[in-house]
Amino acid sequence: MEKRELTCIGCPKGCALSAEIIDRNNVKITGNSCKIGEVYGKKECTNPTRILTSTVEVIGREGIMLPVKTESDVPKNKIKECITALKGIKVSAPINMKDIILKNVANTGVNFIATKSIQK
Ligand code: SF4
């Protein structure tokens, strides 16, 4: 049986979690103060994912960067590939919040979208 120590990221309390991993379908979490911590701990031990945030350059707008994020979680082992895929991406205004900036990043099926509007 594998044991892991984790910190819950569900809220600022940051409960210290202990995970006992019997197998992929049998993970016991202790140390959580609520159900969110249990769900987070189990997922982190079996299928860790993250929402990614970054910025891309806006053409012709020196010093202005467009904040972007993934529409949903991507697998933790794809984070580097996803961030690398954004390198060199430049966008032109106008941009609306939730516009797709990069489709199917790193073949995850997830898009990077704008989190801010920029007018022309
Ligand atoms: S287990 Fe619940 S209370 Fe503790 S950090 Fe996670 S979300 Fe917050």
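Here is a conversation about a predicted model, in which each label is set against its definition.

Visitor: Before we start, what should I keep in mind about this model?

Guide: This is a predicted model, where local features need pLDDT of at least 70, side-chain atom pairs count only at pLDDT 80 or more, and totals for chains, interfaces and linings use all residues. Residues are numbered from 1 along each chain as its sequence is written, and side-chain values use heavy atoms, with hydrogens and water left out.

Visitor: What makes up the secondary structure of the chain?

Guide: The chain has two helices and 10 strands. Helices are DSSP runs of H or I with at least four residues, strands are runs of E with at least two, and both are numbered from the N terminus. Read from that end, the order is β-β-β-α-β-β-β-β-α-β-β-β.

Visitor: How does the radius of gyration of the chain stand against that of a compact globule?

Guide: The radius is taken over C-alpha atoms, and the globule rule is 2.2 Å times the number of residues to the power 0.38. For 120 residues a compact globule would come near 14 Å, but this chain has 18 Å. Its C-alpha atoms fill a box of roughly 55 × 30 × 20 Å along the principal axes.

Visitor: Why is C82 called buried?

Guide: Buried means under 20% relative accessible area, exposed means over 50%, and partly exposed lies in between, using a 1.4 Å probe and protein chains only. C82 has 0%, so C82 is buried. C8 has 9%, so C8 is buried as well. Over the whole chain, buried residues make up 30% of the 120.

Visitor: And how do you know that there are zero disulfides?

Guide: A disulfide is a pair of cysteine sulfur atoms within 2.5 Å. A search of the whole structure finds zero of them.

Visitor: What makes a group of residues a nonpolar core?

Guide: The members must be buried Ala, Val, Leu, Ile, Met, Phe, Trp, Tyr or Cys residues, joined through side-chain atoms within 4.5 Å. The largest such core here has 19 residues, and L66, I101 and F112 touch the most other members. Strand 5 (53–58), strand 6 (65–70), helix 2 (79–86), strand 9 (100–102) and strand 10 (112–114) each supply at least two residues of this core. Apart from it lies another core of 10 residues, among them C15, L17, I29 and C45. In soluble globular proteins, nonpolar side chains tend to be buried together.

Visitor: Which residues is F112 in contact with, beyond its neighbours within four places in sequence?

Guide: Contact means heavy atoms within 4.5 Å. By that test F112 meets several residues, including L52, V68, C82, L86, I101 and V105.

Visitor: Why is I95 called buried?

Guide: I95 has a relative accessible area of 3%, so I95 falls in the buried class. Its place is in the loop between strand 8 (90–91) and strand 9. Not counting residues up to four places away, I95 touches L66, I101, A114, K116, S117 and I118. The loop between strand 8 and strand 9 also holds P94, and a cis peptide bond with omega about 5° joins A93 and P94.

Visitor: Is K98 buried or exposed?

Guide: K98 has 62%, so K98 is exposed. K98 is found in the loop between strand 8 and strand 9, with a phi near 80°, a positive value in a residue other than glycine.

Visitor: Why is R4 called partly exposed?

Guide: The value for R4 is 28%, so R4 belongs to the class in between. R4 sits in strand 1 (residues 2–7). The C-alpha atoms of R4 and I101 are separated by 37 Å, and these residues are 97 apart along the chain.

Visitor: Finally, which residues surround the ligand?

Guide: They are C8, G10, C11, K13, G14, C15, N32, S33, C34, I36 and G37. A residue is near a molecule if one of its heavy atoms lies within 4 Å of it.
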